[in-house]
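Please read the report below alongside the sequence and the model.

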Amino acid sequence: MNSKFILLGIFLLSVLSLNAKIKVAPILGDNMVLQRNTEVKLWGTADPNQKLTLTTSWNKAKISTVANDKGEWLVKAKTTEAGGPFTVTITSGKEKVQLQNILLGEVWLCSGQSNMEMPMVGYNDQPVNGSNNALAEAENCQIRLYNVKRVSIATPQDTCVGQWSVASAKSASNFSAVGYFYAKQLQKALKVPVGVINSSWGGSRIEAWIDAETMKKFPESLKTTTHEKTGANQRASHLYNGMIAPIKNYGIRGAIWYQGESNRSEYQYYAGLTKAMIENWKRDFELKELPFYFVQIAPYWYNNSKDILSGKFYDEQLKASLEIPHTGMVATVDFGEELCIHPAEKETVAKRLSYWALSETYKIEGISYKNPVYKSLQVKDSALVVSFDNLGTGLSSFGKELTNFEVAGEDKVFYPATAKIRSKQVVLYAPEVKKPVAARYCYVNYPSGKGFLYNTAGLPVLPFRTDNW
């Protein structure tokens, strides 16, 4: 008889242990980085009306709270200067949950489609340049990585699936290459811990990353992204619901974004959608200013290298960068691949993104970060003289013959142009065009020549056209 009571007691204890009351949100956990010098949210579930005490070791603060009638709880905790490792301890009576190996530092969200999602190990026959050497050097306790599992769903979710990892060859190998290289560059420059959250899905459209209320303002885009044949990764608001809404309480410093290929055909809506998404995310993450640095889509053949649809999309991305506060755009025009939509040069993308963050967000002076952009055009006899903004000390082709320029006369027929750097301008002429009136540069899906124009810091001139034909 006594043995039955013992077995019953063991059973009841096991049931109680399986039903641990206190739980934290999945994005909170061991090894995480919390945004320094701010107020962060910590949240989760417990029994309804359960009293909880949270202790943060970096400032020895004790925060008391009570779960609501649904068992939900949330507190705000002040963070200090960068450092760690620290702990967050949550107690209620004899119950205790402790989050360990926490750092305070800088936190960035990385999002977009496959060029952001592409891992360090690359895809079959689609490598990431320098990845193996980078992985051999990846061991760094000051860099932490979090992958949000893909979820496409019709309603906003409270939780996601993922786990914080300390950077190592193993953890970085399947993490976003752009995200990892970006974190590495920031950590090296700032000398503080950096955490990056990768929430991306290959082939996704921007509409999928915007909440349903905001998408009501874009009826034409809704038609494209809500019909029955729309894929899970392109359906309006579905990735927002499954992969942004669950993490919106997590404190971030800013976001980097690499997306656009899937929206190229509806280029005319892209700047407006980008602005709407940034406003949406600012509300969610409760940031008055959201540093948002994004990547201009890389050249690619698509269905016709000489088609100018990509050029029109470049214009829309540039428009977004100029009109939306606290944004910046980096160019990839100089390393696209004609037959691969995933360029191998991911580290250069990440470094160019980091130049924006280091200069604009962290106010480090002396770094060139803005790409040269077309400024004005002058006609001089049978030549065109093109001027640019954001030149720094000047222009350079880095020893290569300049290609990818075209000029046209009033007949609107473009011909390849000879291009020469003269002081801080470029002079263009083509023997077929006696009276030129317009110029274009890399304004095609894929420019065939490899002689690109840069400023002397190595930042490429953005594709442009001077006409509005």
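## Basis of the values

This is a predicted model, in which local features need pLDDT of at least 70 and side-chain atom pairs count only at pLDDT 80 or more, while totals for chains, interfaces and linings use all residues. Residues are numbered from 1 along each chain as its sequence is written, and side-chain values use heavy atoms, with hydrogens and water left out.

## The sheet β1-β3-β6

Helices (H or I, at least four residues) and strands (E, at least two) are DSSP runs, numbered from the N terminus. Two strands pair if DSSP finds at least two bridges between them. An open sheet of 3 strands runs in the order β1-β3-β6, with antiparallel pairing. Its edges are β1 (23-24) and β6 (72-78); each has a single partner strand, so one side of each is left without a neighbour in the sheet. Between β1 and β3 (residues 39-45) there are 2 bridges, in the antiparallel sense, and Lys23 stands opposite Thr45 in β3.

Glu39 is also located in strand β3. With a relative accessible area of 43%, Glu39 is partly exposed (buried means under 20% relative accessible area, exposed over 50%, partly exposed in between, with a 1.4 Å probe and protein chains only). Apart from neighbours within four places in sequence, Glu39 is in contact (heavy atoms within 4.5 Å) with Lys76, Ala77 and Lys78. From Glu39 to Val295 the separation is 256 residues in sequence and 30 Å in space, C-alpha to C-alpha.

## Strand β18 and its partners

Strand β18 (residues 405-408) runs antiparallel to strand β22 (residues 438-441), and 4 bridges join them. Across this pairing, Glu406 stands opposite Arg440. Strand β18 is also joined to strand β19 (residues 414-416) by 3 bridges, again antiparallel, with Val407 opposite Tyr415. β18 and β19 form a hairpin with 5 residues between them, and Lys412 in the turn has a positive phi of about 65°.

## Salt bridges

A salt bridge is a side-chain nitrogen of Lys or Arg within 4 Å of a carboxyl oxygen of Asp or Glu. The whole structure holds 16 of them. One joins Arg205 to Glu266, with the closest N and O atoms 3.1 Å apart. Arg205 lies in the loop between β11 (194-200) and α6 (212-215), and Glu266 in the loop between β12 (254-258) and α9 (270-284), so the pair ties together parts that are 61 residues apart in sequence. Arg205 is buried at 5% relative accessibility, whereas Glu266 is partly exposed at 23%.

Arg352 and Asp334 also meet in a salt bridge, at 2.9 Å from N to O. Arg352 is in helix α11 (residues 346-361) and Asp334 in the loop between β14 (327-330) and α11, so this pair ties together parts that are 18 residues apart in sequence. Both Arg352 and Asp334 are buried. Arg440 forms a salt bridge with Asp467, the closest N and O atoms being 2.9 Å apart. This pair links distant parts of the chain, with Arg440 in strand β22 and Asp467 in the segment after β24 (464-465), 27 residues apart. Arg440 and Asp467 are both buried. Elsewhere, salt bridges that share partners join Arg36, Glu81, Glu106 and Arg253 into one network.

## Arg144

Arg144 is in strand β9 (residues 140-147). Its side chain reaches the backbone oxygen of Asn101 at 2.8 Å. Not counting residues up to four places away in sequence, Arg144 touches a set of residues including Asn31, Met32, Leu103, Trp164, Val194 and Gly195.

## Cysteines

The structure holds 0 disulfides, a disulfide being a pair of cysteine sulfur atoms within 2.5 Å. The closest cysteine sulfur to that of Cys141 is in Cys110, 19 Å away, too far for a bond. Cys141 is partly exposed, at 47% relative accessibility.

Cys340 is likewise in no disulfide, and the nearest cysteine sulfur, that of Cys442, is 19 Å away. Cys340 is buried, with a relative accessible area of 13%.

Conventions. Polar contact = N/O pair within 3.5 Å; in protein donor to acceptor, adjacent residues only side chain to side chain.
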